[in-house]
Amino acid sequence: MKTTKSTFTALIMASSTLLCQFLSAQTSADYFNRGNEKGRLGDFEGAISDFTRAIQLNPKAPYAYHNRGVAKKDFGDDKGAISDYSRAIELDPKDAKAYYYRGNAKTSIGDTLGGMLDFNQAIALAPKIAGG
């Protein structure tokens, strides 16, 4: 009888653990939204961390790379921002804002020509972006 009781107890404990893991599981969208909120509050390191987790869960999401690029730029990591904007553009070549923001980051590191090319592409995709 003891074996049955201990087996039953072990099954209950394992089920409880799995249920807790299932209920606490967060999606890419959850991390993305939390990253946006942290960025809005000025917690750029926290935002970068959450966007990174969103990317790990959904590596084909251009918006996560785009927003992580914004957080990296705000944190002072222009080269990291350029890398993220570039990946966002690979995934969504029509993302005019990614070109625009990458142009800003390139200009910040002294790549004026690269920045101008990105600004031109942003304007070609969304002419209204030239107004800011």
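Predicted model: local features only at pLDDT ≥ 70, side-chain atom pairs only at ≥ 80, totals over all residues.

Reader: Thanks! Which residues is Lys72 in contact with, leaving aside its neighbours within four places in sequence?

Author: Contact means heavy atoms within 4.5 Å. With those neighbours left aside, Lys72 is in contact with Ile48, Asp77, Gly80, Ala81 and Asp84.

Reader: What makes a stretch a helix, and how many helices does the chain have?

Author: Helices (H or I, at least four residues) and strands (E, at least two) are DSSP runs, numbered from the N terminus. The chain comes to seven helices and zero strands, and its pattern along the sequence reads α-α-α-α-α-α-α. Of the 132 residues in the chain, buried ones make up 33%.

Reader: How do α4 and α5 lie: roughly parallel or roughly antiparallel?

Author: Axes are lines fitted to C-alpha atoms, for helices over the stretch in contact, and angles run from 0 to 180 degrees between N-to-C directions. Angles under 35 degrees count as roughly parallel, over 145 as roughly antiparallel, 65 to 115 as roughly perpendicular and the rest as oblique. The axes of α4 and α5 cross at roughly 165 degrees and come within 8 Å. α4 and α5 are therefore roughly antiparallel to each other.

Reader: What is the hand of the crossing where α4 passes α5?

Author: A crossing is left-handed if the near helix is turned anticlockwise from the far one by less than a right angle, and right-handed if clockwise. α4 passes α5 in a left-handed crossing. Among the residues that meet there are Lys72 in α4 and Asp84 in α5.

Reader: How do the residues of the contact of α4 with α5 divide by class?

Author: Ala, Val, Leu, Ile, Met, Phe, Trp, Tyr, Cys and Pro count as nonpolar, Asp, Glu, Lys and Arg as charged, and the others, Gly among them, as polar. The contact of α4 with α5 has seven nonpolar, three polar and six charged residues.

Reader: At what angle do α3 and α4 pack?

Author: The angle is about 160 degrees, and the axes of α3 and α4 are 9 Å apart. That makes α3 roughly antiparallel to α4. Their crossing is left-handed. The contact includes Phe51 and Ala54 of α3, and Ala64 and Ala71 of α4. By class, the contact of α3 with α4 has 10 nonpolar, two polar and four charged residues.

Reader: What makes a nonpolar core, and how many residues has the largest one?

Author: A nonpolar core is a set of buried Ala, Val, Leu, Ile, Met, Phe, Trp, Tyr and Cys residues joined through side-chain atoms within 4.5 Å. The largest has 18 residues, and those with the most contacts inside it are Phe32, Phe51, Ala54, Ala64 and Ala71. Two or more residues come from each of α2 (28-40), α3 (44-57), α4 (62-75), α5 (78-91) and α6 (96-108). The largest share, five residues, comes from α3.

Reader: Is Tyr31 buried or exposed?

Author: Tyr31, in helix α2, is buried, because its relative accessible area is 14%. Leaving aside neighbours within four places in sequence, Tyr31 is in contact with Gln26, Asp50, Arg53, Ala54 and Leu57.

Reader: And is Arg40 buried or exposed?

Author: Arg40 is found in helix α2. At 60% relative accessibility, Arg40 counts as exposed.

Reader: Last one: is Arg102 buried or exposed?

Author: Arg102 has its place in helix α6. The relative accessible area of Arg102 is 13%, so Arg102 is buried. Not counting residues up to four places away in sequence, Arg102 touches Ile82, Tyr85, Ser86, Ile89 and Asp118.

Conventions:
Residues numbered from 1 in each chain as written. Heavy atoms only, no water. Buried < 20%, exposed > 50% of the residue type's maximum accessible area, 1.4 Å probe, protein only.
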